[in-house]
Amino acid sequence: QVQLVESGGGLVQPGGSLSLSCAASGSIFSINVMDWYRQAPGKQRELIAAITSDGITNYAESVKGRFAISRDNVKNSMYLQMNSLKPEDTAVYYCHANVVTFTRRSFSYWGQGTQVTVSS
């Protein structure tokens with residue numbers, strides 16, 4: 001009923017930049033919160049950035065000042081601009097959204113994940 005499609009992952013050199021996109025589609029009445037998670041090998045999945053429907057943002061300390069989250073409520077899309085990338089940013093990045101359907105019930109949805117590799 002609802003699908004999250006991610007794009008933008010890939011290989012980048014340390015200090016470089018990369019932009020991720022997440023597009024939500026389907027039976028969407030509204031989206032309360034959209035956020036980005038990442039999971040490195042052998043580590044727990046961590047929340048790195050979140051944004052509310054009215055544009056309030058929050059960042060993990062590890063990415064604060066380097067990453068910027070944004071969203072387009074008309075397109076039901078979310079973006080993550082990643083700058084000054086470090087090797088420790090290497091992980092699978094996941095899009096997540098809390099979606100309100102036309103039945104007025106909320107559900108949690110995840111994208112499939114996209115690999116970001118920062119390597120010299």
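Student: Which residues have the most contacts inside the largest nonpolar core?

Tutor: In this predicted model, they are Trp36, Phe67, Met78, Leu80, Met82 and Tyr93. The core has 31 residues.

Student: Which strands each supply at least two residues of this core?

Tutor: S1, S3, S4, S5, S7, S8, S9 and S11. The largest share, five residues, comes from S9.

Student: What makes a set of residues a nonpolar core?

Tutor: The members must be buried residues of the listed nonpolar kinds, which include Trp, Phe, Met, Leu and Tyr, joined through side-chain atoms within 4.5 Å. In soluble globular proteins, nonpolar side chains tend to be buried together.

Student: What does Tyr93 touch, not counting residues up to four places away in sequence?

Tutor: Its contacts include Leu20, Ile48, Phe67, Leu80, Met82 and Val116. Arg38 and Glu6 are also among them.

Student: Why is Asp89 called buried?

Tutor: The cut-off is under 20% relative accessible area. Asp89 has 0%, so Asp89 is buried.

Student: Where does Asp89 lie, and what is it in contact with beyond four places in sequence?

Tutor: Asp89 lies in the loop between S8 and S9. It is in contact with Arg38, Arg66, Phe67, Ser84, Val116 and Val118.

Student: Why is the pair of Arg38 and Asp89 called a salt bridge?

Tutor: The limit is 4 Å between a side-chain nitrogen of Lys or Arg and a carboxyl oxygen of Asp or Glu. Here N to O is 2.9 Å, so the pair qualifies. It links distant parts of the chain: Arg38 is in strand S4, Asp89 in the loop between S8 and S9, 51 residues apart.

Student: Why is Arg38 called buried?

Tutor: Its relative accessible area is 6%. The cut-off is under 20%, so Arg38 is buried.

Student: What makes Asp89 and Arg66 a salt bridge?

Tutor: Their closest N and O atoms are 2.7 Å apart. The limit is 4 Å, so this pair qualifies. Arg66 sits in the loop between S6 and S7, 23 residues from Asp89. Both Asp89 and Arg66 are buried.

Student: Which residues are linked in a network of salt bridges?

Tutor: Arg38, Glu46, Arg66 and Asp89. A search of the whole structure finds four salt bridges.

Notes. Residues are numbered from 1 along each chain as its sequence is written. This is a predicted model: local features need pLDDT of at least 70, side-chain atom pairs count only at pLDDT 80 or more; totals for chains, interfaces and linings use all residues. Side-chain values use heavy atoms; hydrogens and water are left out. Buried means under 20% relative accessible area, exposed over 50%, partly exposed in between (1.4 Å probe, protein chains only). Contact means heavy atoms within 4.5 Å.
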